[in-house]
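User: I'd like to learn how to read a few features of a structure. Please take me through them one at a time.

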Amino acid sequence: MAAKASLKAIIDEMSMSFDEATSYLEKETGKVFMVSDEAFSLVKDGGAPPDWQEEEVELGKKVLENGESFIELPDKYEIDEYRIMEDFIDSLEDERVAEDLSDAIGGKGAFRRFKDGIHHHGVQEDWYKFKDQALKKIAMDWCESEDIEYIDDCKD
């Protein structure tokens with residue numbers, strides 16, 4: 001029987017998503033973890049990892065040898081933080097703040113300008129709550145689509 005996964009652990013791992021790594025859930029244990037492309041390369045090349053990377057390389061080896069025992073977590077494209085920012089802006093009641101933030105997310109540097117804007121307007125706490133709820137929904141939908149039982153251990 002598969003262990004239940006921690007929704008908080010899934011969300012935390014999704015929050016740290018980046019291009020040069022892949023996050024997984026181990027079906028049997030419910031454990032979530034990330035393996036960098038570099039660790040996978042060390043496994044494939046048979047190179048000796050530095051001490052600090054030994055555990056990650058072992059996890060990468062397990063994924064490559066028993067791929068059916070692991071499921072990839074949603075990546076940054078499935079999460080689409082830009083869309084979450086747009087939804088947040090649409091949820092704002094203050095039209096002036098919404099318009100300012102909407103202008104901020106156009107073009108290159110959108111994430112930096114958005115972050116500056118939420119701090120300038122004092123809505124950063126609202127943003128972080130909104131983003132947490134959006135990530136929670138993505139994680140719950142993903143678990144349901146992958147038929148993964150989970151424990152809702154998130155603080156609301």
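Predicted model: local features only at pLDDT ≥ 70, side-chain atom pairs only at ≥ 80, totals over all residues.

Analyst: Residues are numbered from 1 along each chain as its sequence is written, and side-chain values use heavy atoms, with hydrogens and water left out.

User: Which residues have the most contacts inside the largest nonpolar core?

Analyst: In soluble globular proteins, nonpolar side chains tend to be buried together. A nonpolar core is a set of buried Ala, Val, Leu, Ile, Met, Phe, Trp, Tyr and Cys residues joined through side-chain atoms within 4.5 Å. Buried means under 20% relative accessible area, exposed over 50%, partly exposed in between (1.4 Å probe, protein chains only). Here the largest core has 32 residues, and Ile10, Met14, Leu25, Phe88, Leu101, Phe114 and Trp142 have the most contacts inside it. Helix 8 gives the largest share, 7 residues. Helices are DSSP runs of H or I, at least four residues, and strands are runs of E, at least two, numbered from the N terminus.

User: How many salt bridges are there?

Analyst: A salt bridge is a side-chain nitrogen of Lys or Arg within 4 Å of a carboxyl oxygen of Asp or Glu. The whole structure has 9. One joins aspartate 19 to lysine 76, with the closest N and O atoms 2.8 Å apart. Aspartate 19 sits in the loop between helix 1 and strand 2, and lysine 76 in helix 4, so this pair ties together parts 57 residues apart in sequence. Lysine 8 pairs with aspartate 12 at 2.9 Å; both lie in helix 1, about one turn apart.

User: Which residues form the negative surface patch?

Analyst: Patch residues have over 30% relative accessible area and no salt bridge, with like charges joined within 9 Å. Glu93, Asp94, Glu95, Glu99, Asp100 and Asp103 form the negative one. Aspartate 94 lies in the loop between helix 5 and helix 6 and is partly exposed at 37%.

Notes
Patch = residues over 30% accessible without salt bridge, like charges linked within 9 Å, V, L, I, M, F, W, Y side chains within 5 Å. Areas by Shrake-Rupley, 256 points an atom, 1.4 Å probe, with all protein chains shown as cover. Lys, Arg positive; Asp, Glu negative; His and termini not counted. Charge placed at Lys NZ, Arg CZ, Asp CG, Glu CD.
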